[in-house]
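Dear colleague,

I am passing on the structure below, with the sequence alongside. My notes on what was found in it follow, and I would be grateful if you could read them against the coordinates.

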Amino acid sequence: MKTQWFKIIILLCFAVLMSCQNQPELVKIKGQQIAIDSNLTQDKSLEEYIEPYRNAIQEEMNRPLSYTKKAMFKSDNPLNSAIGNMMADAVYDMANPIFYTRHKDSIDGVLLNYGGIRSGINQGVITTKTAYNIMPFENMVAVAELDAQSIKAMINYLGKNQVAHPISNMQLRIKNNSEILDFKINGKPINDDKTYFIATSDYLLQGGDNMIFFKNAKQVYKLDYKLRNLFIDYFKKQDTISSSADQRFVKIQ
Amino acid sequence: MKRRTFINQTIKVSSVIGLSSVVNPTIWQKSYDKHITILHTNDVHSHIDPFPNNHRKFPNRGGVSRRYNLIQQIKAENPNTLLLDAGDAFQGTPYFNFYGGELEYKLMSKMGYQASTIGNHEFDNGIDNITAQLQHAKFDLLNANYDLSNTSLDGLVKPYQIYEVDGISIGVFGLGIELEGLVSKNLYGETKYINPIEIAQDQVKILKQDHQCDLVICLSHLGYQYQSDKISDIQLAKSTKDIDLIIGGHTHTFLDQPSKVVNQAGKITLINQVGWAGLNLGRMDFYFNKINGKGVKDVVIEV
């Protein structure tokens, strides 16, 4: 019995010793980066797996939603453009009924940003892909309740920057020296005692494009409606898009 | 002095490789007892198809089915391979907009990924969407510095996982970026961010000391480096020890070669990141020898 134990202990010692000796040690590391390009063949089984997804997306992307007789680019006109006006008007038309249903108030104006128009629209058929091109991001519509002071800060921002940030239901005329000539919201001048509901994107609400006046919003209402989906829904409702540049934001020489 | 020895060794071994690979490659391969290959991607951003031929920067580059072909080639050469991802698999093409990440996770599973981590864009359709998409993932989603206990991901995300490959135990843990200011609160919900450096030290202790891992790898979505003092992979490497490799993401950094950072123990922690969109596959090869109690020599790093 005793010798048996002794044997086991010897064996255990040996095992421990062996495991120490055989402990693998890291001796060398090599690193490289391999380009994925056309020198590699495509794995057939994976391609076949992807194909139905790809086809479904393509079919949806190519689905005709509306039509435009003329091409629209954001740089077409200095302070407002057909495409920018269309986008801001679409937000007003589509978001206002939702906002009214939920909060029993109406949107007074819309402000988007020039940089947020990510693509132009070519003459011809407007498809789902068009909506993805002009709005590839996931930003949502949000409504900020601003007091008269913040609305004035917004106007000053627009006057000072002189960039064709899309607006709707508002009219702003500035002088050559970027001073404000006049401003109307809902067809009326600013009432100092009133608060205004401005629909915009959650990106701008978070201070995007330095629109810091949104930081002073009394309240923010999120509509849980992606801007891209809003444009898709808007296109579906319009047989033909006939937006054009107009007098909503102009400089008076 | 030590550094000089290290360089000398590197040169010596490199020249031996050059010679032996010409003379007899099989003899050379046999001279290592173990060989582990780590393949990795980051910030693939739903780029399942290659960029189009008319793309300004990356014409006809990338593509999942090409990547899979390459992975299979490498695995045929060395079956002891792990395939890892450092987050932001989601968002960037209509594949995500239409299917919410389903195809991304299904393809990663088919390609044999073992683990990924949670990038900020994983939250783009909300945290509950990550939970929903996990049913398509046959790999581990690892994160150690998000407290997910009050979210639908509770119990579905592990801080770390240990993979045994050819007798080598490889501890992998995940780290995520601060979400506040980067992701809308309504998307990340009750996810609580915890300082990744402290968490990393805890994780390394668990993996290296408690579990005696031979290799410790961090899947990080912190970002490579910042002008500000925002926590980055470089900072993580400098202020910890015993992490062998940080596979980074978030900043879409293209590195000519993996970065070598001197860590708290005076040893090297490697950081690698391979850009984004599946344009590249990172490959790190780790070679092990059974050493007969003569003490560990410096690791030769050829990057």
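Of the 303 residues of chain B, 56% count as buried, where buried means under 20% relative accessible area, exposed over 50% and partly exposed in between, with a 1.4 Å probe and protein chains only. The accessible surface of this chain comes to about 13,000 Å², and 49% of that belongs to carbon and sulfur atoms; accessible areas come from the Shrake-Rupley method with a 1.4 Å probe, and for residues only the protein chains shown count as cover. Please bear in mind that this is a predicted model, in which local features need pLDDT of at least 70 and side-chain atom pairs count only at pLDDT 80 or more, whereas totals for chains, interfaces and linings use all residues. Residues are numbered from 1 along each chain as its sequence is written, chains are lettered from A and ligands numbered from 1 in the order in which they are written, and side-chain values use heavy atoms, with hydrogens and water left out.

Chain B has 9 helices and 14 strands, these being DSSP runs numbered from the N terminus (helices H or I, at least four residues; strands E, at least two). Among its contacts (heavy atoms within 4.5 Å) between residues at least 6 apart in sequence, 74% join residues at least 24 apart.

One open sheet of chain B has 6 strands in the order E6-E7-E9-E10-E12-E11, with mixed pairing; two strands pair if DSSP finds at least two bridges between them. Its edges are strand E6 (160-165) and strand E11 (259-262) of chain B, each of which pairs on one side only. On average, neighbouring strands of the sheet are turned by 25 degrees against each other, direction ignored. Helix H8 (residues 196-210) of chain B packs on the sheet, where it touches E6, strand E7 (168-175) and E9, and its direction makes about 165 degrees with that of E7(B); axes are lines fitted to C-alpha atoms, for helices over the stretch in contact, and angles run from 0 to 180 degrees between N-to-C directions. Within the sheet, strand E9 (residues 215-220) and strand E10 (residues 245-247) of chain B run parallel and are joined by 3 bridges, with B:Ile217 standing opposite B:Leu245.

The structure holds 0 disulfides over all chains, a disulfide being a pair of cysteine sulfur atoms within 2.5 Å. For B:Cys218, the closest cysteine sulfur is that of B:Cys213, at 13 Å, which is too far for a bond. Both cysteines count as buried, B:Cys213 at 4% relative accessibility and B:Cys218 at 0%.

In chain A, strand E5 (residues 140-147) is mostly covered, as 6 of its 8 residues are buried. E5(A) runs antiparallel to strand E9 (residues 195-201) of chain A, through 7 bridges, and antiparallel to E10(A), through 5 bridges. A:Asp147 has A:Thr195 as its bridge partner in E9(A), and A:Met140 stands opposite A:Lys226 in E10(A).

As for the interface, 40 residues of chain A are in contact with 68 residues of chain B. The two chains bury about 4,700 Å² between them, 59% of it on carbon and sulfur atoms, buried area being the accessible area (1.4 Å probe) that two parts lose on being put together, summed over both. A:Lys28, A:Ile29 and A:Ile36 supply 17% of the area that chain A buries against chain B, more than any other three residues.

With best wishes
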